[in-house]
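Please keep the sequence and the coordinates at hand while reading.

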Amino acid sequence: MARLRPAASGADDACAAPLELLTQSNELGLTMVGVPEELGGAVEERSATTTVLLSEALAGGDMGIAVACLAPAAVSTALSLWGDAQQQATYLPAFVGDDVPAAALAVMEPRPLFNPFELETKARAAKGGYLLNGVKALVPRASDAELFVIAAELPGEGPALFIVESKTSGISIEPNPGMGIRAAATGRLILEDVQLPATSLLGGGDRGVFGECIALGRLAWCALAVGTGQAVLDYVRAYVKDRTAFGEPISNRQAVAFAVANIAIELEGLRLATYRAAGRVDQGLSFSREVALARRLCADRAMTIGSEGVQLLGGHGYVKEHPVERWYRDLRAAGLMEGALLV
């Protein structure tokens, strides 16, 4: 947090995370946390709770930079969870080595009311492999990525995940900055007759694999919302104690005190729901219901936390002199994004 917070405003303006921070995140082994030791990773057994706590801590500094740092880890986690021996041998060594490539999990599409289980990006059988066509939106670090895991609809089979190298013919990328998480350098991925080998299909095209991917991604966004929500709470709590009006701190006013308390209550509910879902993942129990509840809280309450933070600062909440306006924009993204991250 101490390193991310000072760089956040500049990264938001530049729509790119500082290279120094991205390098340091790789040195810390973020891409190894979701990879077991037997595959060259850093953990004896993968832990969703550990990744949730890590994501929460990073988002306390800045959600956009956190997404940029964690995007490659989503690909390494996907490979370790659902990749076959050949796929893991081909791609995982780069993510557990010294020179970690930029990579991204691309699920979102540029249309309203997006449903990840009804994809317009299509993959049809062709020439002993697959041919991909479609558009992906808000892909973190898209212009730098060397490897993508892309969600596409297999006609007659349902949604599936494909490993796609960025150098593959038919791929073009254009900037696609959003309202929030601007430091993640999101881009639009355009796929035009992208020819893939049969070995590019991840998890054998199992619908259960895709459903698990979406659930684990949503849980990751909940963790980021918790971290950013905590940043809002800490900031407004200090602000209302220092800000004076009519000769006294505005925290003395009951309406202000209750508003801060409501942020704390909503945040604690979101945190506990997120931790409970992560705990069920680690115990090998069913977790779809718990993730759905956490996601619902994230979509509704995280946005409320950001809005209340802006409101408590009054005019200061609207200007870039204070970070609350950026946190508000980021928290809006947390309840809308699909994919990009995994726990």
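Does K122 count as buried, partly exposed or exposed? K122 counts as partly exposed, because its relative accessibility is 39% and the classes are set as buried under 20% relative accessible area, exposed over 50% and partly exposed in between, with a 1.4 Å probe and protein chains only. The model is predicted: local features need pLDDT of at least 70, side-chain atom pairs count only at pLDDT 80 or more, and totals for chains, interfaces and linings use all residues. Residues are numbered from 1 along each chain as its sequence is written, and side-chain values use heavy atoms, with hydrogens and water left out.

K122 belongs to strand β2, residues 122-126; helices (H or I, at least four residues) and strands (E, at least two) are DSSP runs numbered from the N terminus. Residues up to four places away in sequence not being counted, K122 touches L131, L132, N133, A152 and E153, where contact means heavy atoms within 4.5 Å. Between K122 and E192 there are 70 residues in sequence and 10 Å in space, C-alpha to C-alpha.

At the level of the whole chain, the domain assignment gives domain 1 (4-100), domain 2 (105-205) and domain 3 (207-334); such bounds come from an automatic or database domain assignment. The centres of domain 1 and domain 2, taken over C-alpha atoms, are separated by 20 Å. Across this pair, 24 residues of domain 1 are in contact with 19 residues of domain 2.

Helix packing comes next. Helix α3 (residues 48-61) packs against helix α6 (residues 207-242) at an angle of about 40°, their axes being 7 Å apart. Axes are lines fitted to C-alpha atoms, for helices over the stretch in contact, and angles run from 0 to 180 degrees between N-to-C directions. That angle makes α3 oblique to α6, since angles under 35 degrees count as roughly parallel, over 145 as roughly antiparallel, 65 to 115 as roughly perpendicular and the rest as oblique. From α3, the contact is made by V52, S55, E56, A59 and G60, and from α6 by L219, A223, L224, V226, G227, T228 and A231. By class, these residues divide into seven nonpolar, four polar and one charged; Ala, Val, Leu, Ile, Met, Phe, Trp, Tyr, Cys and Pro count as nonpolar, Asp, Glu, Lys and Arg as charged, and the others, Gly among them, as polar.

T274, in helix α7 (residues 254-282), is buried, with a relative accessible area of 0%. Among the residues that T274 touches, beyond those up to four places away in sequence, are V52, L219, A223 and V226.

Helix α9 (324-334) is largely enclosed by the rest of the structure, because nine of its eleven residues are buried. The cover over these buried residues includes α1 (4-14), α4 (63-82), α6 and α8 (288-312). The axes of α1 and α9 lie 11 Å apart at an angle of about 70°, which makes α1 roughly perpendicular to α9. Here R5, A8, S9 and D12 in α1 meet R326, W327 and R329 in α9, a contact with two nonpolar, one polar and four charged residues.

In the segment after α9 is G335, which is buried at a relative accessible area of 16%. Its neighbours within four places in sequence left aside, G335 is in contact with R295, C298 and A299. G335 and A302 are 33 residues apart in sequence, yet 7.4 Å apart in space, C-alpha to C-alpha.
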